[in-house]
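Here's a quick briefing on a single-chain model, meant to be read with the structure open beside it. Have a look first, and then we'll go through it topic by topic.

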Amino acid sequence: MPHSSSSAPRDSLVGVRLARGASPWLLPTVATAAVSLTQARRSGRWAALAVPATALAAGMLWFFRDPDREIAQGRVISPADGVVQSIMPWKDGRTRVAIFMSPLNVHVNRAPMAGTVTSVEHIPGGFVPAFNKESENNERVVWHFDTELGDIEMIQIAGAVARRIVPYIEADTKVEQGERIGLIRFGSRVDIYLPEGVEVAVEVGQATTAGVTRLDRG
């Protein structure tokens with residue numbers, strides 16, 4: 001049976017399901033839009049502000065949406081919505097699958113397998129565009145999961161726009177496959193390293209959906 005999504009609390013605004021960690025960006029933009037709309041009939045300046053403010057607030061609501069998912073079956077599932085940017089064999093026998101997340105993708109990342117989070121490490125760095133090779137030195141959070149396939153490494157990488165990664169859980173936490181584990185504000189890139197002997201089921205340019213797209217060929 002598919003696993004259910006994490007039941008952790010989420011931010012909410014006007015009945016819209018939003019990602020945890022979105023409030024610092026959403027509240028000011030929504031408040032500005034609400035005030036400008038209220039004052040628009042009284043002042044031309046407020047009316048001029050109301051249009052871009054409302055558009056920005058609507059964009060924020062879309063960017064930080066957090067839909068429930070019916071989690072797919074499979075050994076390793078995609079941790080991110082996006083497009084497969086590269087598939088690269090690693091020297092230690094693993095295969096790195098890099099998934100590029102655009103600002104239009106859902107930004108909530110999910111656990112690729114069930115297991116125990118053994119470490120969550122924040123590493124400071126730059127903020128070059130995620131499609132640039134130099135992005136490997138960007139600000140990032142490195143995850144390790146103890147799973148039935150052994151250690152699974154996943155890296156959330158910030159980009160030129162995404163300046164904050166928000167982990168939802170800590171080390172020594174047990175997770176279900178497809179459970180929400182963190183947020184990259186405004187997208188960027190997520191890398192996952194498949195263990196030696198695991199055949200990749202996706203290809204470069206293929207769209208992925210977190211919790212739904214299977215990455216391994218079983």
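The chain exposes about 10,600 Å², and carbon and sulfur atoms supply 56% of that area (Shrake-Rupley method, 1.4 Å probe; for residues, only the protein chains shown count as cover). Keep in mind that this is a predicted model, where local features need pLDDT of at least 70 and side-chain atom pairs count only at pLDDT 80 or more, while totals for chains, interfaces and linings use all residues. Residues are numbered from 1 along each chain as its sequence is written, and side-chain values use heavy atoms, with hydrogens and water left out.

**The chain overall**

- DSSP runs give two helices and 13 strands in the chain (helices are H or I with at least four residues, strands are E with at least two, and both are numbered from the N terminus).
- Of the 218 residues, 46% count as buried (buried is under 20% relative accessible area, exposed is over 50%, partly exposed is in between, with a 1.4 Å probe and protein chains only).
- Take the contacts with a separation of 6 or more: 68% of them link residues 24 or more positions apart (a contact means heavy atoms within 4.5 Å).

**The sheet**

- Eight strands make an open, antiparallel sheet, in the order β10-β6-β7-β8-β12-β4-β3-β13 (two strands pair if DSSP finds at least two bridges between them).
- The edges belong to β10 (174-175) and β13 (207-208); each has a single partner strand, so one side of each has no neighbour in the sheet.
- Strand β3 (residues 82-89) runs antiparallel to strand β4 (residues 95-101), with six bridges joining them.
- In that pairing, M88 sits opposite R96 in β4.

**Around β8**

- Strand β8 (residues 150-157) is mostly covered, with six of its eight residues buried.
- On one side, eight bridges tie β8 to the antiparallel strand β7 (residues 140-147), and the two form a hairpin with two residues between them.
- F145 faces I152 of β8 across this pairing, standing opposite it.
- β8 also pairs with strand β12 (residues 188-194), again in the antiparallel sense, over five bridges.
- Here M154 has I192 in β12 as its bridge partner.

- The largest cavity has a volume of about 30 Å³ (the space filled by probe spheres set on the grid points, which are joined across faces, edges and corners).
- Its lining consists of D66, P67, R69, D81, V106, V108, R110 and A210.
- That lining splits into four nonpolar, no polar and four charged residues (Ala, Val, Leu, Ile, Met, Phe, Trp, Tyr, Cys and Pro count as nonpolar, Asp, Glu, Lys and Arg as charged, and the others, Gly among them, as polar).
- V108 is found in strand β5 (residues 108-110) and is buried, at a relative accessible area of 3%.

**A loop residue to check**

- D172 lies in the loop between β9 (165-167) and β10.
- Its phi is near 75°, a positive value in a residue other than glycine.
- D172 is exposed, with a relative accessible area of 68%.

Notes
1 Å grid on protein atoms, 1.4 Å probe; cavity = no way out; pocket = protein on both sides within 12 Å on 5 of 7 lines; lining within 4 Å.
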